[in-house]
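Me: I have a multi-chain model open. How do I read its strands and its interfaces?

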There are 6 protein chains.
Amino acid sequence: MKISARNQLKGRIVEITKGATTAHIRIDIGGAVVTASITNAAVDDLGLTVGKEAYAVVKASDVMIAID
Amino acid sequence: MKISARNQLKGRIVEITKGATTAHIRIDIGGAVVTASITNAAVDDLGLTVGKEAYAVVKASDVMIAID
Amino acid sequence: MKISARNQLKGRIVEITKGATTAHIRIDIGGAVVTASITNAAVDDLGLTVGKEAYAVVKASDVMIAID
Amino acid sequence: MKISARNQLKGRIVEITKGATTAHIRIDIGGAVVTASITNAAVDDLGLTVGKEAYAVVKASDVMIAID
Amino acid sequence: MKISARNQLKGRIVEITKGATTAHIRIDIGGAVVTASITNAAVDDLGLTVGKEAYAVVKASDVMIAID
Amino acid sequence: MKISARNQLKGRIVEITKGATTAHIRIDIGGAVVTASITNAAVDDLGLTVGKEAYAVVKASDVMIAID
């Protein structure tokens, strides 16, 4: 499957925290760590585990710009 | 200002494309380039220009995970 | 690629409208038509054309519920 | 109330899972099931129950397109 | 229609700017002005005009918190 | 830090509810109360407490318009 989302940052999962319905996944994309909040069901469905290669995927309309 | 968004990736603006109301900004965050779709008004308000240091900011709930 | 987004509705593209930077894609998912607002760049990158099979993909946290 | 969100898919609630603060609602829209992640407060406020008719509502800018 | 989105701020439309596919609507909610980026199609469908009463509607998961 | 998000509504935190991974923050922006769903980590990182001044920040593309 190929998706329209403009941002697909390759990395490795470094942390998975499951809550009651929502999980937080942290991916090291090389230099920076990206946090994703997804459903527990998605974690199970994709078989996500710490150490696994994965992509952080973000639609362009969900990215903001900030300056110092 | 300090914001709750978990993802604040520092980089440098490499491209700005303004449309009728919506602009696309591309930031090189070191190895990867992130695309943001924001309003033209925000581009003007922040004085964004190519070459300027900036952050790509994304709320954790807007990040998905993908695997090959 | 397999993505965490919970909603992946299969259908067929029935309309593509390109704006200055943003395009609107309409997909018939069988009974209902879903509208997506994505970048022109994504349309070109995926080679989207009317009549092509495609999925409307939505993260669960972007779905609201309404009642009459 | 009439809302600007382009996607309002009518269906019937087939599952409600409440977490600590966040609930997952699954709606059968005829052929496909859509998952929504909303607040527990919204579930109570709308009186959502399994079997009730409801709409899955999604803003066009939150819909991505994928191809095989 | 009653929607799960937690934030429904009543106000009056003070500006409508249509682009090629995307429009920007500004609503005065009393003291503050909120900007919405929606499709041109939604503007036409709801018959939005300057001076009309309207609500700015935002899902709780799309709200961030910032401090000075 | 200055951010591109068009909507930055100043107010005061009136309620913080932490779940397993996700917290709900309610901010009184003067007349209306806005609800934000953010990570527990963000609450801790920003040191959010009831009574503190804060902003509800929303990207324009996440705002919908509704009419009665």
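Reply: Begin with pairing. Two strands count as paired if DSSP finds at least two bridges between them. Bear in mind that this is a predicted model.

Me: What is the bridge partner of Met64(A) in strand 5 of chain B?
Reply: Val57(B) is the partner of Met64(A).

Me: In what order do the six strands of the open sheet lie?
Reply: The order is 4(B)-3(B)-2(B)-5(B)-6(A)-1(F), with antiparallel pairing. The edges are strand 4 (33–39) of chain B and strand 1 (2–3) of chain F, each pairing on one side only.

Me: Which residues of chain A does UniProt assign to the Mop domain?
Reply: The unreviewed UniProt entry puts "domain: Mop" at residues 2–67 of chain A. That span is 58% strand and 11% helix, and its end C-alpha atoms are 32 Å apart.

Me: Now interfaces. How is size given?
Reply: Often as the accessible area lost when the parts come together. Chain D and chain C bury about 2,800 Å² between them, 67% of it on carbon and sulfur atoms.

Me: How many salt bridges cross the interface of chain D and chain C?
Reply: Zero by the rule. Ten residue pairs are in polar contact there. On the side of chain D that touches chain C, 22 residues are nonpolar, four polar and six charged.

Me: Which strand of chain D pairs with strand 6 of chain C?
Reply: Strand 5 of chain D, antiparallel, over three bridges. Here Met64(C) has Val57(D) as its bridge partner.

Technical notes
Residues are numbered from 1 along each chain as its sequence is written. Chains are lettered from A and ligands numbered from 1 in the order in which they are written. This is a predicted model: local features need pLDDT of at least 70, side-chain atom pairs count only at pLDDT 80 or more; totals for chains, interfaces and linings use all residues. Side-chain values use heavy atoms; hydrogens and water are left out. Helices (H or I, at least four residues) and strands (E, at least two) are DSSP runs, numbered from the N terminus. UniProt positions are given in the numbering used here, feature names are shortened, and annotations may be inferred rather than shown by experiment. Buried area is the accessible area (1.4 Å probe) that two parts lose on being put together, summed over both. A salt bridge is a side-chain nitrogen of Lys or Arg within 4 Å of a carboxyl oxygen of Asp or Glu. A polar contact is a pair of N or O atoms within 3.5 Å; within protein, one must be able to donate a hydrogen and the other to accept it, and residues adjacent in sequence count only if both atoms are side-chain atoms. Ala, Val, Leu, Ile, Met, Phe, Trp, Tyr, Cys and Pro count as nonpolar, Asp, Glu, Lys and Arg as charged, and the others, Gly among them, as polar.
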